[in-house]
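Biologist: I would like to learn how to read a structure like this one. Can we take it feature by feature?

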There are 2 protein chains.
Amino acid sequence: MNTLEHLIPDIPCPDTEARSQARERWDSLVKPRGSLGRLEDLAVQIAGITGELDPSLERKTIALFAGDHGVVEQGVSKYPKSVTASMIRTFVANGAGINILAEQAQTEVRVINMGVDTEDVPAEILDRSIRKGTDNFMIGPAMTRQEAFRSLETGYKFAEILYAQGINLLGVGDMGIGNTTASSAITACLTESSVGQVTDKGTGLSAEQISHKSQVIEQALRVNRPDPQDPLDVLSKVGGFEIGAIAGCLIGGAAHRIPLLLDGFITSAGALTAAALVPEIRPFLIAAHISGEKGHRVALNHLGLTPLLDLEMRLGEGSGAALAMPVVETSVRLLNDMATFKEAGISGGE
Amino acid sequence: MNTLEHLIPDIPCPDTEARSQARERWDSLVKPRGSLGRLEDLAVQIAGITGELDPSLERKTIALFAGDHGVVEQGVSKYPKSVTASMIRTFVANGAGINILAEQAQTEVRVINMGVDTEDVPAEILDRSIRKGTDNFMIGPAMTRQEAFRSLETGYKFAEILYAQGINLLGVGDMGIGNTTASSAITACLTESSVGQVTDKGTGLSAEQISHKSQVIEQALRVNRPDPQDPLDVLSKVGGFEIGAIAGCLIGGAAHRIPLLLDGFITSAGALTAAALVPEIRPFLIAAHISGEKGHRVALNHLGLTPLLDLEMRLGEGSGAALAMPVVETSVRLLNDMATFKEAGISGGE
């Protein structure tokens with residue numbers, strides 16, 4: 001039972017009929033053709049994903065997966081590992097950026113502990129810890145193949161729970177000191193980019209520190225030799241528990257036709273992993289924003305995604321996904337609630 | 001009394017103390033320094049405008065100024081002039097794009113008739129009509145200097161009304177078939193750009209039609225010889241009543257320290273006019289988005305503004321301003337509601 005093939009579901013195709021109907025309706029609405037730009041494409045995508053022109057998007061969630069990274073001992077982050085644990089407590093205390101953004105977007109946030117190095121996991125957090133942080137992947141695999149599988153499976157099952165609860169718009173987020181390092185390693189492997197092209201300042205490294213981080217990743221790739229044709233191998237060797245869970249959650253969300261909002265660089269590494277396993281999930285993905293982290297652009301290009309927002313954010317936590325949720329909802333409301341040329345008594349719209 | 005000097009108020013300086021306090025607070029919050037990107041700059045700007053770190057922004061309005069354009073008889077638009085009148089009725093009937101966007105952003109919309117060619121102005125619209133549309137500026141001035149002054153003054157006084165009513169976040173919008181032609185002419189004059197650099201498809205012209213539109217504007221500039229050193233001359237010769245009102249409204253809003261959201265190309269032509277008259281208003285302006293209309297970029301560059309959103313919208317009506325309002329509010333909530341490193345028990349944030 002515990003095989004990848006068993007986990008990977010049939011992903012539905014986007015509903016082309018609903019997409020056409022949405023496109024047609026846009027052109028009947030009281031505005032110059034195409035003048036709502038990306039909002040038009042977005043509502044068409046949502047129609048394709050859900051099979052409906054006017055799906056409910058009211059039950060929103062940010063699924064925020066947290067985990068620690070052994071590679072932090074190589075000095076790849078500006079912050080100590082303990083900050084991951086502090087931050088999950090801050091999420092529960094409603095003091096983090098994502099809490100405020102979520103409140104503004106009227107979405108809930110669910111925090112899932114995938115492997116934070118702490119004994120003290122607040123009761124409000126869903127505890128699915130695989131282990132208290134990955135191993136230092138500069139000197140060996142981050143985790144076993146079995147653990148990588150479990151991280152995927154945990155994310156997948158969480159998406160099934162959300163689906164069962166009626167969640168109809170899902171953003172993913174991450175917390176984990178050191179996880180831009182893992183994301184750079186994954187992105188380099190799965191997009192066949194050089195480490196230098198996808199490694200950046202994370203929480204705020206200097207140029208010198210970025211160079212060190214790149215060397216750590218280069219070394220990790222030499223030591224572990226992850227196989228780009230085997231996404232689970234990549235995830236186990238240079239990934240993270242929260243990144244595996246993000247990948248699994250995206251696969252599970254797509255299986256249930258839930259529109260999926262990516263956040264920043266770490267979630268895009270999860271999406272690369274997911275799409276390498278199950279390419280059919282791509283039409284279900286929406287890139288909420290582009291972060292300042294340069295590997296993010298590489299990952300989104302590889303996924304064929306154009307980000308909605310560019311506000312130079314690089315916080316993670318699902319922050320960009322939360323900020324873009326109202327944009328998604330607004331696009332659907334425009335499609336459905338605007339008057340047609342006919343209703344407005346204007347002839348010859350085109 | 002009826003002179004420009006009398007209309008132009010003292011514009012306050014942005015509060016540099018409040019700006020510094022905001023910047024300092026951002027750096028104390030539980031996130032990597034600068035990781036909220038443009039949202040940080042935005043809340044700093046709002047602090048400078050209002051003099052407060054946590055101003056109320058709850059009383060929001062989109063001021064949507066409408067007017068007709070005589071130059072439409074030259075075939076510069078895809079739509080007949082009568083669409084302006086149809087659209088203001090659609091605004092009242094809640095069927096236009098801006099109505100839906102405003103509802104999502106929880107802002108009201110106020111429509112001001114500055115000169116629509118109709119006998120039938122709905123009672124819900126504030127009727128400040130100067131005349132039923134400008135004259136065809138390809139063959140002579142769009143309006144008299146006195147009318148240009150009145151359009152400015154009307155917008156200015158409307159901002160004073162909004163201020164008296166407690167409005168604390170103001171977006172401007174436009175409706176007027178033909179008004180990208182006027183905006184291109186204004187932008188060419190006030191930014192000293194060529195007509196070709198600032199003339200684009202408006203409601204959806206073909207390349208050939210854009211070329212014709214450019215020729216009409218070239219001819220208008222030859223015939224009228226607007227003086228770029230005299231913004232009122234430019235407005236009267238190649239402007240529009242709604243564009244003058246937008247300019248006046250921005251000046252009035254800045255005078256009362258109200259954060260001002262521009263929308264698309266037409267509102268940027270209004271902002272160019274306003275800033276040419278009163279350069280001190282610039283720190284009060286926020287560019288909500290960049291439209292597909294190429295003159296918009298030229299205008300924003302001239303104003304030194306970087307747009308928040310780029311969703312390839314080109315609808316006008318205040319649509320981009322409405323979409324960006326929640327982003328502005330969110331930036332202020334983040335600044336004020338996030339926990340500090342100290343509160344989160346994390347030492348050595350920097």
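Modeller: Start with accessibility. Buried means under 20% relative accessible area, exposed means over 50%, and partly exposed lies in between (1.4 Å probe, protein chains only). D54(A) has 38% relative accessibility, so D54(A) counts as partly exposed. Keep in mind that this is a predicted model: local features need pLDDT of at least 70, and side-chain atom pairs count only at pLDDT 80 or more, while totals for chains, interfaces and linings use all residues. Residues are numbered from 1 along each chain as its sequence is written, chains are lettered from A and ligands numbered from 1 in the order in which they are written, and side-chain values use heavy atoms, with hydrogens and water left out.

Biologist: With which residue does D54(A) form a salt bridge?

Modeller: A salt bridge is a side-chain nitrogen of Lys or Arg within 4 Å of a carboxyl oxygen of Asp or Glu. Here the partner of D54(A) is R333(A), with the closest N and O atoms 3.1 Å apart. R333(A) lies in helix α14 of chain A and D54(A) in the loop between α3 (37–50) and β1 (60–67), so the pair ties together parts 279 residues apart in sequence. Helices (H or I, at least four residues) and strands (E, at least two) are DSSP runs, numbered from the N terminus. R333(A) is partly exposed because its relative accessibility is 22%. D54(A), R333(A) and D337(A) are linked in a network of salt bridges.

Biologist: Which residue forms a salt bridge with E329(B)?

Modeller: That is K60(B), the closest N and O atoms being 3.0 Å apart. This pair also links distant parts of its chain: E329(B) is in helix α14 of chain B, K60(B) in strand β1 (residues 60–67), 269 residues apart. E329(B) has a relative accessible area of 17%, so E329(B) is buried. K60(B) is buried too, because its relative accessibility is 7%.

Biologist: How many residues of chain A are in contact with chain B?

Modeller: Contact means heavy atoms within 4.5 Å. By that rule, 45 residues of chain A are in contact with 45 of chain B. Buried area is the accessible area (1.4 Å probe) that two parts lose on being put together, summed over both. Here it is about 3800 Å², and carbon and sulfur atoms give 67% of that.

Biologist: Is S331(A) buried or exposed?

Modeller: S331(A) is buried, because its relative accessibility is 0%. S331(A) lies in helix α14 of chain A. Leaving aside neighbours within four places in sequence, S331(A) is in contact with W26(A), L39(A), L42(A) and A43(A).

Biologist: What volume does the largest pocket have?

Modeller: On a 1 Å grid over the protein atoms alone, a pocket is an open set of points where a 1.4 Å probe fits, with protein on both sides within 12 Å along at least five of seven lines; lining residues have an atom within 4 Å of a point. The largest has a volume of about 910 Å³. Of its 36 lining residues, the closest to the centre are Q104(A), Q106(A), Q104(B), Q106(B) and P326(B). Helices α5 (97–105) and α14 (319–337) of chain A and of chain B each supply at least two lining residues.

Notes:
Points joined across faces, edges and corners; volume = space filled by probe spheres on them.
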